[in-house]
Amino acid sequence: MNICIIYHSETGNTRHAAQHIASACDGKLVEVTDKTGYNRLTGFLVRCKMAMGEEKTLIEPGSLDVSGYDQLVFGSPVWAFKPTPAIHAAIDSLVGCEGKKATAFCTHGGKPGQTAELFQKWIEARGMKCVGNTNIHQNDIENEKKTKEMVSVLIKDLS
Ligand SMILES: Cc1cc2nc3c(=O)[nH]c(=O)nc-3n(C[C@H](O)[C@H](O)[C@H](O)COP(=O)(O)O)c2cc1C
């Protein structure tokens with residue numbers, strides 16, 4: 001199984017979770033960077049407003065060819081109960097994703113809200129099959145039991 005884990009992370013939680021998933025399945029990690037210049041004072045509110053509006057933002061890399069992978073895993077922090085504009089843009093930017101199996105996870109502070117539903121909607125809108133969706137609290141990312149549970153939902157047919 002050739003698995004690609006595509007994630008966005010601002011403060012490292014989602015990156016750490018993605019690294020645990022990659023270790024479990026020998027997956028390829030692709031971090032997506034948000035190129036928006038958020039203001040230090042207003043940035044929190046702007047991030048929330050953009051996420052609430054289900055916006056997409058400018059990202060690096062600008063497009064991702066995933067045609068060589070059997071399965072994709074998407075990861076995002078929760079912002080205002082939704083996935084981030086950067087992961088939304090990443091899903092939108094995929095090349096060669098149609099028909100592939102995909103799963104998604106988020107890291108959060110206790111209220112993941114609509115994140116799972118939106119991941120499923122955006123994944124299916126790109127012609128992929130959403131076969132798993134989970135979340136992990138930011139305090140549980142180094143908890144081996146919780147991490148194993150997350151991996152078991154995200155990685156199908158691990159062999
Ligand atoms: C702008 C912003 C909005 C957030 N909104 C939520 C939220 O609605 N629900 C929640 O549980 N956590 C929320 N959080 C907490 C993050 O989802 C959590 O800390 C996450 O693990 C951060 O991931 P990262 O370190 O990969 O960036 C928010 C954090 C930020 C910066």
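1. Start with a loop residue. E54 lies in the loop between helix 2 and strand 3. Its phi is near 55 degrees, a positive value in a residue other than glycine. The model is predicted, and local features are taken only where pLDDT is at least 70. E54 has 14 other C-beta atoms within 10 Å, so it is partly exposed.

2. F81 is a second case to check. This residue has a positive phi of about 70 degrees although it is not a glycine. F81 sits in the loop between strand 5 and helix 3. It has 15 C-beta neighbours inside 10 Å and therefore counts as partly exposed. As background, most residues other than glycine have a negative phi, and most peptide bonds are trans.

3. There is also a cis bond to inspect. The peptide bond from E60 to P61 is cis, with omega near -5 degrees. P61 belongs to the loop between strand 3 and strand 4 (64-65). E60 itself is in strand 3, where it stands opposite T33.

4. Now the overall fold. The chain has five helices and eight strands. Along the sequence the pattern reads β-α-β-α-β-β-β-α-β-β-α-β-α. The C-alpha atoms fill a box of roughly 45 × 35 × 25 Å along the principal axes. A compact globule of 159 residues would have a radius of gyration near 15 Å; the chain has 14 Å, which agrees. Of the 159 residues, 39% are buried. Among contacts with a separation of 6 or more, 78% join residues 24 or more positions apart.

5. Strand 2 and strand 3 run antiparallel and are joined by two bridges.

6. On one side, strand 5 pairs with strand 1 (residues 3-8) in the parallel sense over five bridges. Here Y7 stands opposite G75. Strand 5 also pairs with strand 7 (residues 101-108), again in the parallel sense, over seven bridges. In that pairing, C106 of strand 7 is the bridge partner of S76.

7. The core draws on several elements. The largest nonpolar core has 40 residues, and those with the most contacts inside it are I5, I6, L72, F74 and A90. At least two residues each come from strand 1, helix 1, helix 2, strand 5, helix 3 (85-93), strand 7, helix 4 (115-125) and helix 5. Leaving aside neighbours within four places in sequence, L72 is in contact with C4, I6, V66, C97, K100, A102 and M128.

8. What surrounds the ligand? The shell has 23 residues, with S9, T11, N13, T14 and P77 the closest. Helix 1 (13-25), helix 2 (43-52) and strand 7 are the elements that give two or more residues to this shell. By type, the shell divides into eight nonpolar, eleven polar and four charged residues.

9. L29 is in strand 2 (residues 28-34). With 17 C-beta neighbours inside 10 Å, L29 counts as partly exposed. Not counting residues up to four places away in sequence, L29 touches I5, A18, Q19 and A22. I5 is one of the residues with the most contacts inside the core. L29 and L58 are 29 residues apart in sequence and 20 Å apart in space, C-alpha to C-alpha.

10. Last, K148. This lysine is found in helix 5 (residues 144-154). Is K148 buried or exposed? It has 11 C-beta neighbours inside 10 Å and so counts as exposed; the cut-off for exposed is 12 or fewer. K148 and H20 are 128 residues apart in sequence, yet 8.8 Å apart in space, C-alpha to C-alpha.

Methods: Residues are numbered from 1 along each chain as its sequence is written. This is a predicted model: local features need pLDDT of at least 70, side-chain atom pairs count only at pLDDT 80 or more; totals for chains, interfaces and linings use all residues. Two strands pair if DSSP finds at least two bridges between them. Helices (H or I, at least four residues) and strands (E, at least two) are DSSP runs, numbered from the N terminus. A residue is near a molecule or strand if its C-beta atom, placed from the backbone, lies within 6 Å of it. Ala, Val, Leu, Ile, Met, Phe, Trp, Tyr, Cys and Pro count as nonpolar, Asp, Glu, Lys and Arg as charged, and the others, Gly among them, as polar. A residue is buried if 20 or more other C-beta atoms lie within 10 Å of its own, exposed if 12 or fewer, and partly exposed in between; C-beta atoms are placed from the backbone. The radius of gyration is taken over C-alpha atoms; the globule rule is 2.2 Å times the number of residues to the power 0.38. Two residues are in contact if their C-beta atoms, placed from the backbone, lie within 7 Å. A nonpolar core is a set of buried Ala, Val, Leu, Ile, Met, Phe, Trp, Tyr and Cys residues joined through C-beta atoms within 7 Å.
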